[in-house]
Amino acid sequence: MSQDLTTLLNPNSIAIIGVSHEPQKVGHIVAKNIMDQGYKGELYFINPHLDRVLNKTVYKSIVDIDAPIDLVIHAVPSEIALNSLQEISQLGIKNVVIYAAGFRETGDDGKKREELLIAKAKEYDLCILGPNCLGFINTSRHINATFLKHSSPKGNISVVSQSGALGSVMIDHFIDHNHLGFSYFISLGNKTVVDESDCLEFLSQDSSTEVIGMYLEDVKDGSRFRETLAKVTKLKPVVILKSGRTQEGSKAALSHTGGLGGDAEVYETIFKQAGAVVANSYQQFIDILKVYSFGKIPTFRSVLVLSNAGGVGVLLTDELVHNHLSLVTITEHTKKELEKSLGSKGFKRITIHNPIDLLGDASVFDYRQAILSSIQQQDIGAVIVLLTPQANTQIMETARAIIEAQNHFIKPIYPVFMGEHSIKDAHRLFEEHHVVSFDSYEPLPSMINAIVESYEYRPKQPPSSHSPETLITLAHEQQIKDILELASSKKFLNLEESMNILHLAGIPLLPIHHVHHKEELDYVIKKLRFPVVAKVASDKITHKTDVKGVVTNIETVQDLKKAFNDLSKIANSEGCYIQKNVKGNELFIGVKRDNVFGPILVYGLGGIYVELLKEVTQFVYPFTLKEFTKKLETTKVINIIKGFRGAPAIKPQQLYEIGMTLGFLMHHFSDIQAIDINPLFSTDKGLFAADCRLILG
């Protein structure tokens, strides 16, 4: 259920229960922070043992306040906070902040305490931030309802965080950088009522917020979060820093898919598919927020580099290419402009390509003319200006020239002024004029890639779980249910049962024949003809190759009978399966059920390489064909799709449709926990699933 945070985060009146006269206690720090931030609303202090704190009257009880209260802040232990909720509700108060720890993060007793808090919140219809949180900051209303050290600088960045400590670090950082600041900072804590989706919805409508930053360790409601995030990224940029990994589930040993997709990868996939910018470190998180705060945003992947240091320019080029960025090709028109602006002497000194090396004695004139002559090329996504402090380098003059150029052009210019002592003042000047600068080239390429990638992935239309493939599955719904019901006592379906379900869902198969007795082999061979493959048939064995349960390239009846005898001796064997031996490239497609986000599709190289190389890519169901094809371009699977070693090319849509079918099977039939197709053969006659495993649970 979504929460309206309007009065929680914009209260006209605040009451603090547990205010203290001791400076080191939370009840004192919060009261002083709210006053120091300059809050203009009504502020009430409550403590039955005190008369005055910070020159304000202290009430014995909240019932003694004869005035409307929008927000109650609990700076008291968890038991006191819990016991006061009924009284608060009876006064018509709906918004509560609870700082106290001692809930589910502390073990079984804390978990019971939090369950009681949830029940009370529902019963009294309360909007609760926390518990185990740091509170919130709203600089437009001059509210600092946290127990952080400093008053918060005002700005256009809003941050939602599961870590209170991150807020303290960011405030400390912003104070030292006068042109950065918060619009809102919201500490989520245990997210008992208010969660990340509520905050996203609220901040998307806040006029003072230009960019939303999120530090997340987990997500409360995966489906709602995904839908909300995709909606918000169309309105405002959302930058996410994720930490934490979960243990792989107990079924990972049964399924390749379960062991391949980690928790962090699933979250990153969700973030990217919804159009968020994914930061890979705290420093990159800050850098990206700064880019959006200052409005200096790269729009596509082509970059122009100007430098007074050839070697550093080459190093930067390597990093740009490594991060899937490209160097702009300098047009003949731009070359002529540069030749004209720098003069014949200048043109002879430099080679005009990209990076444009202005040489070690580059003057401010050289930099200015190079920027002005090149930045107007149509295909530039960003300009990087490298400067190393050499004996005759005009550092501050060049900085001012870059600022002047940035004021005239929308395309972002990123100065990389390298060094320490000589360039400090230049970086201060850049920040003062809202130009995003760096003291090293290393973080810049990955930052540009992360931002541009978010625009590329941002869906124009939401992905649909309804497709022609789902109609085939629904037409055979009862037959699939019958198979699953008969196998309900098993951990996994055998190959025959698994392939039957794929067939009913419309996935192309390499037919299998289950041979129980040696006398049946002649009949099967007449149908299939050599060469064939024999596989152990068992309800107990899940990884057939681990027990030497697969024999390939069988060419004669004698070899087939030997394979049958050998496979029949394997423990719990029920004869063997016979399939036509086909040649082609092998792919892997799997789907697993994530507890937060539902079906997760995994594509990769097939056969033994799926576990050996772990070369896979993930998608959260449902996803679009555009997302699918773009992401595959970054994997080794694309080599097989394009036709590897003379094999026919595969239409990406064919792989996409198989994946969507598997996703729908998982979505529609809750008994299925994972599906592996390995291998999926790519042959001159099309795609065929040769082996499959369905895990139940």
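User: Why does Arg529 count as exposed?

Analyst: This is a predicted model, and the values below are computed from it. Exposed means a relative accessible area over 50%. Arg529 has 59% relative accessibility, so it counts as exposed.

User: Where is Arg529 placed, and what is its phi?

Analyst: Arg529 lies in the loop between helix H20 (521–528) and strand S21 (532–536). Its phi is near 65°, a positive value in a residue other than glycine. Most residues other than glycine have a negative phi. Arg529 follows H20.

User: What makes one face of H20 the buried one?

Analyst: In H20, the residues Leu521, Val524, Ile525 and Leu528 are buried. Seen down the helix axis, the buried residues of H20 fall within an arc of 100°, so they line one face. An α-helix has 3.6 residues a turn, so residues three or four places apart point the same way.

User: Which residues lie on the other side of H20, and what do its buried residues pack against?

Analyst: Tyr523, Lys526 and Lys527 are exposed on the other side of H20. The buried residues of H20 pack against strand S20 (513–515), S21, helix H21 (557–568) and strand S23 (576–580).

User: Why does Asn95 count as buried?

Analyst: Buried means under 20% relative accessible area. Asn95 has 4% relative accessibility, so it counts as buried. Asn95 belongs to strand S6 (residues 95–98).

User: How do you know that the side chains of Asn95 and Thr7 make a polar contact?

Analyst: A polar contact requires a pair of N or O atoms within 3.5 Å, one able to donate a hydrogen and the other to accept it. The contact that joins the side chains of Asn95 and Thr7 is 2.8 Å, and it is a polar contact. The side chain of Asn95 also reaches the backbone oxygen of Asp70, at 3.0 Å.

User: Which residues is Asn95 in contact with, leaving aside its neighbours within four places in sequence?

Analyst: Asn95 is in contact with Thr7, Leu8, Asp70, Leu71, Val72 and Cys127.

User: What makes strand S15 largely enclosed by the rest of the structure?

Analyst: In S15 (residues 302–307), six of the six residues are buried, so the strand is largely enclosed by the rest of the structure. Both faces are covered: Ser302, Leu304 and Leu306 are buried on one side, and Val303, Val305 and Ser307 on the other.

User: How do you know that S15 and strand S16 pair?

Analyst: Two strands pair if at least two bridges are found between them. S15 and S16 (residues 326–327) have two bridges, and they pair in the parallel sense. Val303 has Leu327 in S16 as its bridge partner. From S15 the chain crosses through helix H11 (residues 310–322) to S16, in a right-handed β-α-β crossover.

User: How many bridges join S15 to strand S18, and how many join S15 to strand S17?

Analyst: Five bridges join S15 to S18 (residues 382–387), and these strands run parallel. In S18, Ile384 is the bridge partner of Val305. S15 and S17 (residues 356–357) also run parallel, joined by two bridges. Ser307 is opposite Asp357 in S17.

User: What is omega for the cis peptide bond that joins Gly130 and Pro131, and what is it for the one that joins Asn678 and Pro679?

Analyst: For Gly130 and Pro131, omega is about 0°. Pro131 is in the loop between strand S7 (127–129) and strand S8 (135–138). For Asn678 and Pro679, omega is about 5°. Pro679 lies within strand S27 (residues 672–683). Most peptide bonds are trans.

User: How many helices and strands are there in the protein, and what share of its residues is buried?

Analyst: The protein has 25 helices and 29 strands. Of its 697 residues, 58% are buried. Its C-alpha trace spans about 100 × 85 × 35 Å along the principal axes.

Note on methods
Residues are numbered from 1 along each chain as its sequence is written. This is a predicted model: local features need pLDDT of at least 70, side-chain atom pairs count only at pLDDT 80 or more; totals for chains, interfaces and linings use all residues. Side-chain values use heavy atoms; hydrogens and water are left out. Helices (H or I, at least four residues) and strands (E, at least two) are DSSP runs, numbered from the N terminus. Buried means under 20% relative accessible area, exposed over 50%, partly exposed in between (1.4 Å probe, protein chains only). Contact means heavy atoms within 4.5 Å. A crossover is right-handed if, with the strands pointing away from the viewer, the path from the first strand over the helix to the second runs clockwise. The arc is that of the directions from the helix axis to the C-beta atoms.
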